[in-house]
Amino acid sequence: MTVHNIRVGESKRGDASDGGADAVGGRLSRVDGPAKITGAAKYAVEQQLDGLAYAVLVESTIASGKVRSIDTSVAEAAPGVLKVLTPDIIISLRTASDWFGTPPPDAPYCPLARDVTFSGQHVAAVVAETFEQAVAAAALVEVSYYETPAIVDLSDAKAGDGIPIDAMTKEWGDAQAAFASAPVRICAAYNTPREYQAPMEPHGLIAHWEGDKLTVWEPSQWLDGMARTYAEWFDVPFENVRLVSPYIGGGFGSKALALSHGAVAASAAKMLGRPVRLVMTRPQTFTGYGGRAATRQTVTIGADRQGKIQSIVHRGINETSIDGMWVEPLGSVTSIMYATPNFSSKQNVVRVNSVVPGAMRAPGENPSAFGIESAIDELAYEVGIDPLEIRLRNYAEQDPEAKKAWSTRQLREAFAAGAERFGWAKRTPEPRSMRDGNQLIGWGVAAGTYPVRRAYGEAIVRILADGSVEVESSSIDMGQGTYTILAQTAAETVGVPADNVVVKLGDSRFPRAGVAGGSRLAGVMTGAVYKAATSALDQLVGLAISDPRSPFHALQANTLVVANGRISSPRGDGPDLSIAELLSSVGRDHIEATGDTMPANSTAQDRYKNYTTIAMAVPHTEGDYSRHSWCAHFIEVRVDEDFGTVRVSRVVSALDSGRLYNPKLAESQWKGGIIMGIGQALLEEGIVDRRHGRIVNNNLADYLVPTNADIPDIEVISVGIPDLHSSVLGGKGVGELAIVGVAPAIANAVFHATGKRVRDLPITLEKLI
Amino acid sequence: MRDFSYLRAGSVEAARQAAALPGAMLLAGGTTLIDLAKCGVAEPDSLVDITHLKGLDKVEVSERGATIGALAKMGHVADHADIKSRFPAVSEALWQAASAQIRNMATIGGNLMQRTRCPYFRDPSNFPACNKREPGSGCSALGGVTRGHAVLGTSEACIAMYPGDLAAALVAFDAIVHLGERRVPVDDFFLVPGTTPEREHAIEPGEMITAIEIPHSAAARRSTYLKIRDRQSYEFAAASAAVGIEFEADGRTIRDLRVALGGVATKPWRARAVEEALKGKVLGPDAVRAASLLAVEGAVDHGANHYKIELAPRVVARAILKMGETA
Ligand SMILES: Cc1cc2nc3c(=O)[nH]c(=O)nc-3n(C[C@H](O)[C@H](O)[C@H](O)COP(=O)(O)OP(=O)(O)OC[C@H]3O[C@@H](n4cnc5c(N)ncnc54)[C@H](O)[C@@H]3O)c2cc1C
Ligand code: SF4
């Protein structure tokens, strides 16, 4: 079973828009695009295996309590049923370490719950010969419960104040005292609801055991991390687990970890001695793993009459599950966006009966920005200063928290470029001052940021006998463009057309890579491929110069030029050969080199840890610099006051992600983030039935994400400059940045339009009517 | 596995006979039925596929009015030139319903028969109590998440909203449902829940919708469908209004007015009180706004759906004023 290979050339347009497209920084179209559009791309669970059996999950219908009994007899007797798994009928697994690699307790792990802590928890599973048989039999499993009262959400009286997370506390100066004596004071509470990643491709897998070797076809943002978890659960060596994930239909943070449904499927496969496929239903994707935690923040700002901030006091809480811990770092933007001499941020986490929340595009920064970027807008109105001007007056010239220089911070440039394009200068400041017929028009601005997370990856680059280049890495492409930018990196570095590069990803047998999360993968993997390709090129040139059989040998040059797949001398005197001709002249069928971004002298143990945990990720404030991406969003809304409906009619965003490896793909990612931000601002909310502790809008008809009709033309402007403190080739994070700040920009625009400040997302019509 | 039989009906008569058997259901575009089967709400023993019946997909506009075959696709009717010009509200209601893909699959007969979006109705394994599904089992929505539920025509047994757009336009213009030979005015075809929420339509076992007839009227010709919703597309109405208007020769005095609401009631809701209050009056913003409040007379909210009581009259007023402007 090999990964689907893609020839870059299939998708190259060859028109002027692709001029220079092959190189890093070129606008090469997605090389995986044609395969996806034509259906040729085979996704993980589309593997056809002999003897495949189908598993379907049975979920708890109560939010809190214990399973009293499970009657499987009727289900077992149903046609085609092979096995019904329950907490009592499943092989024993071991608890795996968390994603930091923290050694786990020496305790068994059961992915089916006896103690129910949320509605929708997996309590049983049915495996049958066909999917339809499994679905039908799953409905016949009779589960009875002892039910206990649930804590349904943050507003539940039983929820309490939660657990203080000391590691989240950030303080300098005397924030309370400075606030008390500030001439201008604002204080407000901002809430965000449960939100869901809602990827097009639901979670699922095929698990297949051959002896004690496990192969898992599963969409994954992190093959090596997930392989480690499977290996630990089943107590087999890491090398015995192979993860295959050639394409991913969207993850947004939700596909980075091996989850309990994976343990169920792999257990079933082992128990039956057959490959098992398990795919979640859409409703199950709302409870089978966590979306973004609901959050509450209070932001108080003390300032002088000119709007200069003297103090920020920030308190946040997010929900987590009864037995899991998720901290959504709510002070992450609060502490760095504006210069303030006094600062205090603290955070609690509150346990409720929900699935443990998880990572969703810009965890932490996203809700954090909703708080501070709304609050600074409130301050602007309080002191009567333009919302853009107040941001410039409080511009942080260095990282206020780390007290280090920014590696690069093109935020001022972003404000300037965005304001210019948007026409901000024409804005009339008073709320309700701009109107078009029945529609009130509002213009809002907000900034966003995301840290440059750095980790490690390795890659193999091969120059093959026909002169083509092959790249291998266990990193992944979930639509963000890894296939494409790695082809560009190898093409430029070796000196071949991108057409002649084949990139293979998504197989844990390949050289390893850390998680594709936190917008780190592009920076890491372009670095690794650059290094591997450089050393492959060195070998090629070395051979050409020193091998006595090489036509270049007589030249006695100390370097040669490789360009467009051909080798020649720098001055053009002497032979001019294709790479294939050279390799054949020296009798080689390929050249191979490995490159990585690991510190020198790393041990095998270090490497394992680096690729399978996030324990060794490099802090963004390591050394002398603080490294972040930045952006400024300028957004126009139209509010029909009779109806309370908000429509986003114009977006101009200027963004600093450093050097862009491929502007076309970066722009798409930014736009995707902005679209998701529009959904967050206006539509998205997991609605809980408070009597049952259950999400009732657990499908894509009722959980609203934006449609095309909700999205206006979006203009994005790159204001970044290469940042070599952030990555080998100068890029900073792209994928998560652009969602940060969209919701507050919209809320600020709604205030400008209507004079109503909405501090609870989403901004639905009943809040404005 | 739940087995069911599948029959492709060769004639209307055969379809009606097959559908009269217990556990049988008609299958048209399937966009409601298959969905409900997947959530375990519809559990047919046999499906009678009517999509191959000949002659039921026609749209004809004659001197008397429009006759739309039960198997005409939503997209086709929405795009029909005579429907657009003679019954704009009907075309607009269809255009704004569901998505392009669904409109290309779904039929007019199936559209009328679509079921409520009440989340409790659609999730039997988690919410066994639902009077509409299981008469006498109770109503899980009462005391639960009610943002999308009805404020008009509700009963203690059921507060589920009828979600269709087309039916509101049909009710406004006195359309008639053809059940073979039997004719039922659309307003009588849909039933309020009362104590029998499981019974939603005046259709008997073995009956089938064969066509919809919409009589011509000046009001239908000058009509619109205004739909307000949380997102701009692919979303049911938070509140909607089908409005048609006819003026006296002076171009200001209202001779005939039709108003029906969608998204707020247990059935497509004709707002006759608004019509009566404005007939004979000169069209003007204040009068229209005041009269529009009558649209929600007797409305009862259940907390989260209170906004519909505010919203619906504003939608009605906007739609009437918009029709007045085009005078
Ligand atoms: C996600 C989603 C969004 C939607 N949004 C909207 C919206 O915004 N506005 C809107 O109005 N609708 C909306 N719909 C509903 C959609 O319009 C209906 O599903 C569709 O019209 C049903 O038609 P069908 O032919 O597919 O019916 P089917 O699913 O085949 O049948 C539906 C029901 O009608 C019965 N039936 C079918 N034909 C006849 C007949 N001739 N006589 C008697 N009984 C019959 C069937 O037995 C069945 O019970 C939406 C649907 C979905 C899934
Ligand atoms: S409102 Fe009607 S459909 Fe919804 S749960 Fe109650 S009885 Fe059932």
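**Salt bridges, stop by stop**

Select A:Glu328 and A:Arg292, whose side chains form a salt bridge with N to O at 3.5 Å; the term means a side-chain nitrogen of Lys or Arg within 4 Å of a carboxyl oxygen of Asp or Glu. A:Glu328 sits in the loop between strands S17 (309-320) and S18 (342-351), and A:Arg292 in the loop between strands S15 (276-279) and S16 (295-303), so the pair ties together parts 36 residues apart in sequence. Helices (H or I, at least four residues) and strands (E, at least two) are DSSP runs numbered from the N terminus.

The model is predicted: local features need pLDDT of at least 70 and side-chain atom pairs pLDDT 80 or more, while totals for chains, interfaces and linings use all residues. Residues are numbered from 1 along each chain as its sequence is written, chains are lettered from A and ligands numbered from 1 in the order written, and side-chain values use heavy atoms, without hydrogens and water.

A:Glu328 is buried at 0% relative accessibility, and A:Arg292 is buried at 2% (buried is under 20% relative accessible area, exposed over 50%, partly exposed in between; 1.4 Å probe, protein chains only).

Next, select A:Glu378 and A:Arg759, a salt bridge with its closest N and O atoms 2.8 Å apart. A:Glu378 belongs to helix H7 (residues 365-383) and A:Arg759 to the segment after helix H15 (742-754), so this contact ties together parts 381 residues apart in sequence. A:Glu378 is buried at 13%; A:Arg759 is partly exposed at 28%.
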